[in-house]
Amino acid sequence: MAGGMLMKMACVVLACMVVFAPPTEANIIKCGQVLSSLLPCLSYLRSGGALGSCCNGVRALNNAARTTANRKIACGCLKDAYSSFPGIDPSSAAGLPAKCGVNIPYNIVRPNTDCSKIH
(Lines give C-alpha, C1' and ligand atoms only; values in the text may rest on other atoms or scores of the structure.)
Protein backbone atom coordinates (compact mmCIF):
# COMPACT_ATOMS: atom_id res chain seq x y z
CA MET A 1 0.00 0.00 0.00
CA ALA A 2 2.80 2.43 0.90
CA GLY A 3 4.61 1.53 -2.32
CA GLY A 4 1.50 2.39 -4.37
CA MET A 5 1.19 5.77 -2.64
CA LEU A 6 4.88 6.47 -3.23
CA MET A 7 4.46 5.60 -6.92
CA LYS A 8 1.46 7.96 -7.22
CA MET A 9 3.43 10.77 -5.58
CA ALA A 10 6.35 10.18 -7.93
CA CYS A 11 3.99 10.39 -10.91
CA VAL A 12 2.50 13.65 -9.63
CA VAL A 13 5.96 15.15 -9.12
CA LEU A 14 7.04 14.03 -12.60
CA ALA A 15 3.89 15.49 -14.17
CA CYS A 16 4.52 18.82 -12.41
CA MET A 17 8.10 18.85 -13.67
CA VAL A 18 6.90 18.38 -17.24
CA VAL A 19 4.16 21.02 -17.00
CA PHE A 20 6.26 23.65 -15.24
CA ALA A 21 9.57 22.98 -16.97
CA PRO A 22 11.36 26.00 -18.41
CA PRO A 23 11.14 26.39 -22.16
CA THR A 24 13.54 24.25 -24.12
CA GLU A 25 15.59 25.47 -27.03
CA ALA A 26 12.99 24.01 -29.39
CA ASN A 27 10.11 26.13 -28.11
CA ILE A 28 11.85 29.46 -27.62
CA ILE A 29 10.64 31.96 -30.19
CA LYS A 30 13.22 33.40 -32.58
CA CYS A 31 13.27 36.84 -34.19
CA GLY A 32 13.22 35.25 -37.63
CA GLN A 33 9.95 33.56 -36.71
CA VAL A 34 8.50 36.85 -35.43
CA LEU A 35 9.51 38.73 -38.57
CA SER A 36 8.33 36.07 -40.99
CA SER A 37 4.97 35.98 -39.20
CA LEU A 38 4.48 39.72 -39.58
CA LEU A 39 6.15 40.38 -42.94
CA PRO A 40 2.77 40.06 -44.73
CA CYS A 41 1.60 42.96 -42.52
CA LEU A 42 4.27 45.41 -43.65
CA SER A 43 2.24 46.94 -46.47
CA TYR A 44 -0.77 47.40 -44.19
CA LEU A 45 1.40 48.88 -41.43
CA ARG A 46 2.89 51.40 -43.83
CA SER A 47 -0.12 52.47 -45.87
CA GLY A 48 -3.26 50.74 -44.55
CA GLY A 49 -5.62 48.99 -46.92
CA ALA A 50 -6.27 45.28 -47.11
CA LEU A 51 -4.83 42.97 -44.49
CA GLY A 52 -4.49 39.99 -46.83
CA SER A 53 -2.69 37.15 -45.08
CA CYS A 54 -1.41 39.45 -42.35
CA CYS A 55 -3.86 38.20 -39.71
CA ASN A 56 -2.68 34.62 -40.17
CA GLY A 57 0.78 35.76 -39.13
CA VAL A 58 -0.55 37.81 -36.21
CA ARG A 59 -2.47 34.79 -34.91
CA ALA A 60 0.53 32.49 -35.43
CA LEU A 61 2.77 34.89 -33.52
CA ASN A 62 0.23 35.18 -30.71
CA ASN A 63 0.05 31.38 -30.47
CA ALA A 64 3.85 31.06 -30.46
CA ALA A 65 4.32 33.70 -27.76
CA ARG A 66 2.35 32.00 -24.97
CA THR A 67 5.03 32.22 -22.26
CA THR A 68 6.33 35.37 -20.61
CA ALA A 69 9.82 34.61 -21.90
CA ASN A 70 8.58 34.28 -25.48
CA ARG A 71 6.45 37.43 -25.21
CA LYS A 72 9.51 39.39 -24.03
CA ILE A 73 11.61 37.99 -26.89
CA ALA A 74 8.88 38.80 -29.43
CA CYS A 75 8.61 42.31 -28.00
CA GLY A 76 12.34 42.91 -28.48
CA CYS A 77 12.18 41.53 -32.00
CA LEU A 78 9.25 43.80 -32.84
CA LYS A 79 11.00 46.86 -31.42
CA ASP A 80 14.06 46.11 -33.55
CA ALA A 81 11.87 45.54 -36.61
CA TYR A 82 9.98 48.77 -36.01
CA SER A 83 13.19 50.77 -36.38
CA SER A 84 14.47 48.62 -39.25
CA PHE A 85 11.36 49.12 -41.39
CA PRO A 86 10.70 52.86 -41.68
CA GLY A 87 7.30 54.24 -42.50
CA ILE A 88 5.21 52.14 -40.12
CA ASP A 89 2.10 54.04 -39.05
CA PRO A 90 1.85 53.84 -35.23
CA SER A 91 -1.95 53.87 -35.21
CA SER A 92 -2.12 51.02 -37.73
CA ALA A 93 0.40 49.08 -35.67
CA ALA A 94 -1.52 49.69 -32.43
CA GLY A 95 -4.78 48.51 -33.94
CA LEU A 96 -3.43 45.49 -35.78
CA PRO A 97 -4.09 42.85 -33.09
CA ALA A 98 -7.72 43.94 -32.67
CA LYS A 99 -8.28 44.02 -36.46
CA CYS A 100 -7.06 40.44 -36.55
CA GLY A 101 -9.23 39.36 -33.62
CA VAL A 102 -6.29 38.82 -31.28
CA ASN A 103 -6.48 40.12 -27.73
CA ILE A 104 -3.08 41.28 -26.50
CA PRO A 105 -3.16 43.04 -23.11
CA TYR A 106 -0.20 45.26 -24.00
CA ASN A 107 1.01 47.07 -27.09
CA ILE A 108 4.10 45.27 -28.34
CA VAL A 109 4.27 47.00 -31.70
CA ARG A 110 5.48 50.41 -30.53
CA PRO A 111 9.17 51.33 -30.30
CA ASN A 112 8.80 52.77 -26.79
CA THR A 113 7.38 49.63 -25.18
CA ASP A 114 9.35 48.45 -22.13
CA CYS A 115 9.68 44.75 -22.93
CA SER A 116 10.94 43.95 -19.43
CA LYS A 117 7.48 44.78 -18.04
CA ILE A 118 5.65 42.28 -20.23
CA HIS A 119 4.23 39.27 -18.40
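Is C77 buried or exposed? Select C77 to begin the tour: this cysteine is buried, at a relative accessible area of 3%. Here buried means under 20% relative accessible area, exposed means over 50%, and partly exposed lies in between (1.4 Å probe, protein chains only).

This is a predicted model, in which local features need pLDDT of at least 70 and side-chain atom pairs count only at pLDDT 80 or more, while totals for chains, interfaces and linings use all residues. Residues are numbered from 1 along each chain as its sequence is written, and side-chain values use heavy atoms, with hydrogens and water left out.

**Helix 5**

Next, select residues 68-84, which make up helix 5. Helices (H or I, at least four residues) and strands (E, at least two) are DSSP runs, numbered from the N terminus. The 17 residues of helix 5 should span 24 Å at 1.5 Å a residue, and the distance of 24 Å between its end C-alpha atoms agrees. That expected span is 1.5 Å times one less than the number of residues.

Within helix 5, colour the buried residues: N70, R71, A74, C75, C77, L78, A81 and Y82. Then show helix 2 (31-38), helix 4 (54-64) and helix 6 (90-99), which are among what covers these buried residues.

**The disulfides**

Now display the cysteine side chains. The structure holds four disulfides, a disulfide being a pair of cysteine sulfur atoms within 2.5 Å. With the bonded cysteines numbered in sequence order, they pair as 1-6, 2-3, 4-7 and 5-8.

Select C31 together with C77: their sulfur atoms are 1.9 Å apart and form a disulfide. C31 lies in helix 2 and C77 in helix 5, so this pair ties together parts 46 residues apart in sequence. The link is left-handed, with -85° about the S-S bond. C31 is partly exposed, at a relative accessible area of 37%.

Move to C75, also in helix 5, and select C115 with it. Their disulfide has its sulfur atoms 1.9 Å apart. C115 lies in the segment after helix 6, so the pair ties together parts that are 40 residues apart in sequence. The angle about the S-S bond is -75°, and the link is left-handed. C75 is buried at 0% relative accessible area, and C115 is buried at 13%.

Last, select C55 and C100, which a disulfide joins with S to S 2.1 Å. C55 is in helix 4 and C100 in the segment after helix 6, so the pair ties together parts 45 residues apart in sequence. This link is left-handed, with -75° about the S-S bond. C55 counts as buried at 10% relative accessibility, and C100 is buried at 6%.

Definitions and conventions: Contact = heavy atoms within 4.5 Å.
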